[in-house]
Amino acid sequence: LKHPTYADGHLVLGEIYQVQGRIEEATKCYLEALPHARTKYERSTANFRLGEVYRARGKLALAREKFRETLKHDPKFEGALKALAEIGDSEESPL
């Protein structure tokens with residue numbers, strides 16, 4: 001990126017990678033966006049997108065953590081509310 005501290009650039013690039021199915025690259029972009037996020041929108045979006053990629057990779061505990069973090073920044077973030085309802089908002093104990 002031409003401006004590596006521009007969180008929105010990392011988010012957009014991450015979304016492109018995610019749509020292409022390049023989950024590892026998307027994850028890296030979203031992780032890079034977080035320390036540079038200056039707005040509630042950037043923080044909630046980065047956390048939500050990370051939740052999505054962790055969920056896609058079967059890492060449900062990490063996905064829950066990121067969806068919850070999304071809601072800390074934006075309690076009405078519909079995608080995070082829906083995702084937690086779908087995967088469950090509590091840790092499941094192994095059988």
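Reader: Is Thr-70 buried or exposed?
Author: Thr-70 counts as buried because its relative accessibility is 0%. Buried means under 20% relative accessible area, exposed means over 50%, and partly exposed lies in between, with a 1.4 Å probe and protein chains only.
Reader: What kind of model is this, and how are residues numbered?
Author: This is a predicted model, in which local features need pLDDT of at least 70 and side-chain atom pairs count only at pLDDT 80 or more, while totals for chains, interfaces and linings use all residues. Residues are numbered from 1 along each chain as its sequence is written, and side-chain values use heavy atoms, with hydrogens and water left out.
Reader: Where does Thr-70 lie, then?
Author: Thr-70 lies in helix α4. Helices are DSSP runs of H or I with at least four residues, strands are runs of E with at least two, and both are numbered from the N terminus.
Reader: And which residues is Thr-70 in contact with?
Author: Leaving aside neighbours within four places in sequence, Thr-70 is in contact with Ser-44, Asn-47, Phe-48, Phe-77 and Ala-80. Contact means heavy atoms within 4.5 Å.
Reader: Turning to the rings, how many aromatic pairs are there?
Author: A search of the whole structure finds two aromatic pairs. In the pair of Phe-48 and Phe-67, the ring centres are 5.7 Å apart and the planes stand at 45°, so this pair is tilted. Rings of Phe, Tyr and Trp (its six-membered ring) pair if their centres lie within 6.5 Å; planes under 30 degrees apart are stacked, over 60 edge-to-face, and the rest tilted.
Reader: Which parts does that pair tie together?
Author: Phe-48 lies in helix α3 (residues 40-56) and Phe-67 in helix α4 (residues 60-73), so the pair links parts 19 residues apart in sequence. Both Phe-48 and Phe-67 are buried.
Reader: What about the pair of Phe-48 and Phe-77?
Author: That pair is also tilted, at 4.9 Å centre to centre and 40° between the planes. Phe-77 lies in the loop between α4 and α5 (78-87), so the pair with Phe-48 in α3 ties together parts 29 residues apart in sequence. Phe-48, Phe-67 and Phe-77 form one aromatic cluster.
Reader: Lastly, what do the buried residues of α3 pack against?
Author: They pack against α1 (7-19), α2 (23-33), α4 and α5. Among the buried residues of α3 are Leu-50, Val-53 and Tyr-54.
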